[in-house]
Amino acid sequence: MIIDCHGHFTTAPAELEGWRNQQIAGLEKPAAAPAAADLRITDTQLRESIEGNQLRLMDERGIDLTIFSPRASFMAHHVGGFEASAEWAAICNELCFRVSELYPERFVPAAMLPQSPGVDPATCIPELTRCVEEYGAVALNLNPDPSGGHWTAPPLTDRSWYPIYEKMVEYDIPAMVHVSTSINPAFHTTGAHYLNADTTAFMQLVQGDLFADFPTLKLVIPHGGGAVPYHWGRFRGLAMALKKPPLEEHVMRNVFFDTCVYHQPGIDLLLDVVPTRNILFASEMIGAVRDIDPCSGHHFDDTVRYIEQSGLSEADLAAVQEHNARSVYPRLNALLKQQGR
């Protein structure tokens with residue numbers, strides 16, 4: 001079985017973006033603001049948006065199930081205040097839930113949080129709770145930079161984040177540490193901001209002692225961990241300089257990387273440097289990189305090929321493609337068992 005732990009609803013019907021544009025316009029002209037009920041997307045539209053896109057590619061590539069969350073660049077937590085983010089998150093989360101209801105053996109929802117710059121992260125708890133208890137979300141996306149590239153939030157080890165971590169531990173769900181759109185012209189959203197955030201989040205965790213307070217907390221750092229695997233020696237050395245335990249003890253019992261790395265040498269490096277138990281299969285298909293690689297003749301984001309051509313043993317391949325995800329996402333594992341898988 002192949003479980004893709006990193007999928008976004010990047011192909012949602014155009015009505016979703018239209019509603020969002022009206023909501024943004026309403027921030028300056030409240031009379032123009034739409035109601036949530038104004039957005040009407042039918043099941044037929046959802047099927048059309050999925051079957052010719054994610055589901056088609058999953059079938060072609062042999063991916064059995066995707067953990068599905070709202071489009072990362074659409075989270076845009078810097079837009080408006082908490083009320084706007086809360087309404088937007090609720091709408092996006094509901095759509096992902098509806099997709100999972102239409103295809104219960106192919107998609108499982110993960111929650112977007114209604115974060116907002118300068119707002120207490122504890123305000124996200126009601127939406128987190130709703131998504132887990134009503135929608136069966138098996139994970140959440142946590143944005144370490146709600147400002148959109150200006151990094152005004154405290155590091156992930158700051159106690160202001162603790163209410164979210166406490167709820168994660170209570171529900172036994174992981175978070176994918178995933179930023180959204182960059183509004184800082186110095187940082188391209190997917191080419192710089194995403195990878196910067198992955199690297200920054202890891203270093204924040206190295207500097208702090210978060211897992212002493214939350215020994216069962218699990219965080220997934222996407223896009224192969226940003227620059228971390230390539231600079232593994234640097235991070236090991238920095239941990240020593242900071243008088244921290246070795247990385248394997250200090251953070252790697254709680255931190256996991258996905259395989260959204262879009263060329264064979266990058267995947268090979270990731271698998272060579274990072275312990276196999278810390279790697280989760282993912283593709284983020286129809287995401288940042290959608291074209292065909294002229295060097296290989298296959299899509300850049302067809303990560304199944306890279307993993308299968310990496311030379312992993314049969315046991316390690318099964319761990320990366322399935323068993324590690326079952327361990328990191330206990331609610332997903334329980335759901336699969338209910339389905340007889």
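Trainee: Which helix gives the largest share of the lining of the largest pocket?
Mentor: Helix α8 does, with 4 residues. α8 spans 189-207, and α12 (264-273) also supplies at least two residues of that lining. Helices are DSSP runs of H or I with at least four residues, strands are runs of E with at least two, and both are numbered from the N terminus. Keep in mind that this is a predicted model, where local features need pLDDT of at least 70, side-chain atom pairs count only at pLDDT 80 or more, and totals for chains, interfaces and linings use all residues. Residues are numbered from 1 along each chain as its sequence is written, and side-chain values use heavy atoms, without hydrogens and water.

Trainee: What makes this a pocket and not a cavity?
Mentor: On a 1 Å grid over the protein atoms alone, a cavity is a set of points where a 1.4 Å probe fits but cannot get out, whereas a pocket is an open set with protein on both sides within 12 Å along at least five of seven lines. The largest pocket has a volume of about 380 Å³, counted as the space filled by probe spheres on grid points joined across faces, edges and corners.

Trainee: Which residues are the closest to its centre?
Mentor: Of the 20 lining residues, Leu 195, His 223, Cys 260, Val 261 and Tyr 262 are the closest. A lining residue has an atom within 4 Å of a point.

Trainee: Why is Ser 69 called buried?
Mentor: Ser 69 has 2% relative accessibility, so Ser 69 counts as buried; the limit is under 20% relative accessible area, with exposed over 50% and partly exposed in between (1.4 Å probe, protein chains only). Ser 69 is found in strand β2 and touches Gly 7, His 8, Phe 9, Cys 96, Ala 110 and Asn 141, leaving out residues up to four places away in sequence. Touching, or contact, means heavy atoms within 4.5 Å.

Trainee: What makes β2 a largely enclosed strand?
Mentor: 6 of the 6 residues of β2 are buried, so the rest of the structure largely encloses this strand.

Trainee: What makes β4 and β9 edge strands?
Mentor: They belong to an open sheet of 6 strands with parallel pairing, in the order β4-β5-β6-β7-β8-β9. β4 (111-112) and β9 (279-280) each have a single partner strand, so one side of each has no neighbour in the sheet. For β4, the pairing with β5 (residues 140-142) is parallel over 2 bridges, and Ala 111 stands opposite Leu 140 in β5.

Trainee: How do you know that the buried residues of α10 lie on the same side?
Mentor: In α10 (residues 232-241), the buried residues are Trp 232, Phe 235 and Ala 239. They cover an arc of only 65° around the axis, which puts them on the same side of α10; the arc is that of the directions from the helix axis to the C-beta atoms. Arg 234, Met 240 and Ala 241 are exposed on the face turned away from the buried side. The buried residues pack against α8, α11 (247-250), β8 (255-258) and α12. After α10 comes Lys 243, with a positive phi near 60°.

Trainee: Where do the buried residues of α15 pack?
Mentor: Leu 332, Asn 333 and Leu 336 are the buried residues of α15 (residues 330-338). Their arc is only 100°, which puts them on the same side of α15. They pack against β1 (3-9), β2 (65-70), β3 (107-109) and α14 (314-328). The face turned away carries exposed Lys 337 and Gln 338.

Trainee: Why is a set of residues called a nonpolar core?
Mentor: The set must consist of buried Ala, Val, Leu, Ile, Met, Phe, Trp, Tyr and Cys residues joined through side-chain atoms within 4.5 Å. The largest core has 85 residues, with Tyr 165 and Phe 202 having the most contacts inside it. Helix α5 (residues 82-102) gives the most to this core, 9 residues. Apart from this core lies another, of 20 residues, including Ala 110, Cys 260, Ala 325 and Val 328.

Key: Two strands pair if DSSP finds at least two bridges between them.
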